[in-house]
Amino acid sequence: MLNLSRRSIVKMMSDLEEITEKLSQWTDCKGAIVYGADGNFCSGGDLSMAKKINNPLSGYAMNIYIGHVINKFKRLPIITVAYIEGAGAIGGGAELTTVCDYRLMCNAVDTTAIGFVHSKMGIVPAGGSTGMLVSIVGARKTLDLLLESRMLRAAEAMDLGLIDGTVATMADAEAWLSHKIKTDVNVIRAIKSTVMCYDDSPETVRMMESRIFAPLWGGTAHNAALEQHLKHNK
């Protein structure tokens, strides 16, 4: 299980890169669950940090780095699950769920949600996550999710195909994953690697997203949103 603390997105990506490197060397690993610290998955970027580096050049560099890390994680030959609990997966946290093979939402409370709230912040998703979202729910639904910036509860997220199920506890999430990884470790890793062969030029897509993202980061709409602390407004 991968525990990602509620720190700046850059620090979180640094931690994820370190964990990914360790997992890449663990040849007996079949699967992993990504979850957040203190009972919350991930609320995205740190607004105070965003204000300090709110210019297109920094936005481009950050985007390239995030894309590099999440692509390495996505291409691990193991089965990955995002366990979304607490306040849920918001902004950058929602992006992180798209990197996983599956997404489960905790149904212990009815306030847990997932939201691609980027347009409220005057930006678009980073690191290739728009392309991954398209591969999960399709282009039309992705367009709606990004334009509307709504927070989705479990039932609606399930209807859209954005999550793969609901569970009550982490133990339930572990049991759910265990059903996917019953077979031999080499077979599982071969299946995952084969499926990843059919990604549609992920490097090209990430570079295109970076060029689109950069001018928005530190732009008029983004700065206005940072001043109004819009990210968590429902």
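**Notes on helix packing, strands and local features**

1. Helix α5 passes helix α6 in a right-handed crossing. In this predicted model, the axes of α5 (residues 129–137) and α6 (residues 139–148) come within 7 Å and cross at roughly 125 degrees. The two helices are therefore oblique to each other, given that angles over 145 degrees would count as roughly antiparallel and those from 65 to 115 degrees as roughly perpendicular.

2. S149 is buried, with a relative accessible area of 3%.

3. A positive phi is also found at D38, where the value is near 60 degrees and the residue is again not glycine. D38 belongs to the loop between β2 and α2 (47–52), and with a relative accessible area of 71% this residue is exposed, whereas S149 is buried.

4. Strand β2 (residues 31–36) has 5 of its 6 residues buried, so the strand is largely enclosed by the rest of the structure. Its pairing with strand β3 (residues 79–84) is in the parallel sense and runs over 4 bridges; within this pairing, A32 has T80 of β3 as its bridge partner.

5. In helix α11 (residues 220–228), the residues H222, A225 and L226 are buried. These three cover an arc of only 100 degrees around the axis, which puts them on the same side of α11. The face turned away from that buried side carries T220, E227 and Q228, which are exposed, and a reader inspecting α11 may wish to view both faces in turn.

6. How many aromatic pairs does the model contain? The count comes to 1 aromatic pair. The rings involved are those of Y102 and W176, with centres 5.1 Å apart and planes at 70 degrees, so the pair is edge-to-face, the cut-off for that class being over 60 degrees. Y102 lies in strand β5 (residues 102–106) and W176 in helix α8 (residues 170–180), so the pair ties together parts that are 74 residues apart in sequence.

Key: Residues are numbered from 1 along each chain as its sequence is written. This is a predicted model: local features need pLDDT of at least 70, side-chain atom pairs count only at pLDDT 80 or more; totals for chains, interfaces and linings use all residues. Side-chain values use heavy atoms; hydrogens and water are left out. Rings of Phe, Tyr and Trp (its six-membered ring) pair if their centres lie within 6.5 Å; planes under 30 degrees apart count as stacked, over 60 as edge-to-face and the rest as tilted. Buried means under 20% relative accessible area, exposed over 50%, partly exposed in between (1.4 Å probe, protein chains only). The arc is that of the directions from the helix axis to the C-beta atoms. Two strands pair if DSSP finds at least two bridges between them. Axes are lines fitted to C-alpha atoms, for helices over the stretch in contact, and angles run from 0 to 180 degrees between N-to-C directions. Angles under 35 degrees count as roughly parallel, over 145 as roughly antiparallel, 65 to 115 as roughly perpendicular and the rest as oblique. A crossing is left-handed if the near helix is turned anticlockwise from the far one by less than a right angle, and right-handed if clockwise.
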